[in-house]
Amino acid sequence: MSGPTYLAYDYPLLSVFWSMLVFFLWIMWFVLLFRIVVDIFRDDDMSGWAKAGWLVFVVLLPFLGVFVYVIARGKNMGRREVAQARAQQEAFASYVRDTAKGGDGRPSSVDELAKLSEIRGRGDITDEEFRRAKELVLSGHGPSERAGSTASGS
């Protein structure tokens, strides 16, 4: 059994594979490390001293600190991330709703025109009343109060 021993570096393709694997694991390690640092700062339940302690532990002893953090607090990392994503989605949806209404709480002209079209479709107003109300809405002088008074005044 004194035959030659072939290792991974004896084969160029396998050497490339191992290099890529090590590089990938190295990048994944940094991604995990940064996610944990972000999670430490994101957690509102921890005091400032606890955050500082975890941060020192993760920075000074990175491998041990990261593994201990994942074991001790890893279960709630996903929950905090989901809560953050939901809060951002709700804030975005609220912004879109407020912007669509014109920012001042009034319905937009598109909403007004849709309501007028629905009223005309039911036959509650004539085409002439619809045209006058539409002109008021498009000129910016008439949310639903003026359009309604114009429509009911004829």
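Start with the buried residues of helix α1: they are Trp29, Leu33, Ile36, Asp39 and Ile40. Here, "buried" means under 20% relative accessible area, while exposed means over 50% and partly exposed is in between (1.4 Å probe, protein chains only). These buried residues of α1 pack against α2 (48-60) and α3 (62-100).

Before going on, some ground rules. This is a predicted model, where local features need pLDDT of at least 70 and side-chain atom pairs count only at pLDDT 80 or more, while totals for chains, interfaces and linings use all residues. Residues are numbered from 1 along each chain as its sequence is written, and side-chain values use heavy atoms, with hydrogens and water left out.

**The whole protein**

What does the secondary structure come to? It comes to 6 helices and 0 strands, and along the sequence the pattern reads α-α-α-α-α-α. Both kinds of element are DSSP runs numbered from the N terminus: helices are H or I with at least four residues, and strands are E with at least two. Of the protein's 154 residues, 18% count as buried. The accessible surface is about 11,500 Å², and 65% of that belongs to carbon and sulfur atoms; such areas come from the Shrake-Rupley method with a 1.4 Å probe, and for residues only the protein chains shown count as cover.

Now for contacts, which means heavy atoms within 4.5 Å. Take the contacts between residues at least 6 apart in sequence: 40% of them join residues at least 24 apart.

**Helix α1 and its length**

Helix α1 covers residues 12-42, and at 1.5 Å a residue its 31 residues should span 45 Å. The expected span is 1.5 Å times one less than the number of residues. The end C-alpha atoms of α1 are 45 Å apart, which agrees.

**How the helices pack**

Two packed helices are described by the angle between their axes and the distance between the axes. The axes are lines fitted to C-alpha atoms, for helices over the stretch in contact, and angles run from 0 to 180 degrees between N-to-C directions.

| Helix pair | Angle | Axis distance |
|---|---|---|
| α1 and α2 | about 170 degrees | 9 Å |
| α2 and α3 | about 135 degrees | 5 Å |
| α4 and α5 | about 175 degrees | 10 Å |

To put words to those angles: under 35 degrees counts as roughly parallel, over 145 as roughly antiparallel, 65 to 115 as roughly perpendicular, and the rest as oblique.

So α1 and α2 are roughly antiparallel to each other. On the α1 side, Leu33, Ile36, Val37, Ile40 and Phe41 make the contact, and on the α2 side Lys51, Trp54, Leu55 and Val58 do. By class, that contact has 8 nonpolar, no polar and 1 charged residues. (Ala, Val, Leu, Ile, Met, Phe, Trp, Tyr, Cys and Pro count as nonpolar, Asp, Glu, Lys and Arg as charged, and the others, Gly among them, as polar.)

By contrast, α2 and α3 are oblique to each other. Their contact includes Trp54, Phe57 and Val58 of α2, along with Pro62, Leu64 and Gly65 of α3. Sorted by class, α2 with α3 has 11 nonpolar, 1 polar and 1 charged residues.

Then there's α4 (residues 109-122) with α5 (residues 127-139), at an angle of about 175 degrees. That makes α4 roughly antiparallel to α5. Ser109, Glu112, Leu113, Leu116, Ser117 and Arg120 of α4 meet Asp127, Phe130, Ala133, Lys134, Val137 and Leu138 of α5. This contact of α4 with α5 has 6 nonpolar, 2 polar and 4 charged residues.

Tryptophan 54 sits in helix α2. Is it buried or exposed? Tryptophan 54 is buried, with a relative accessible area of 17%. Leaving aside neighbours within four places in sequence, tryptophan 54 is in contact with Ile40, Met46, Gly65, Val68, Tyr69, Ala72 and Arg73. Its C-alpha atom is separated by 9.3 Å from that of valine 66, 12 residues apart along the chain.

Aspartate 43 is in the loop between α1 and α2. At 2% relative accessibility, aspartate 43 counts as buried. Which residues does aspartate 43 contact, leaving aside its neighbours within four places in sequence? They are Lys51, Arg73 and Arg80.

Finally, alanine 100 lies in helix α3, and at 46% relative accessibility it counts as partly exposed. Alanine 100 and aspartate 111 are 11 residues apart in sequence and 9.2 Å apart in space, C-alpha to C-alpha.
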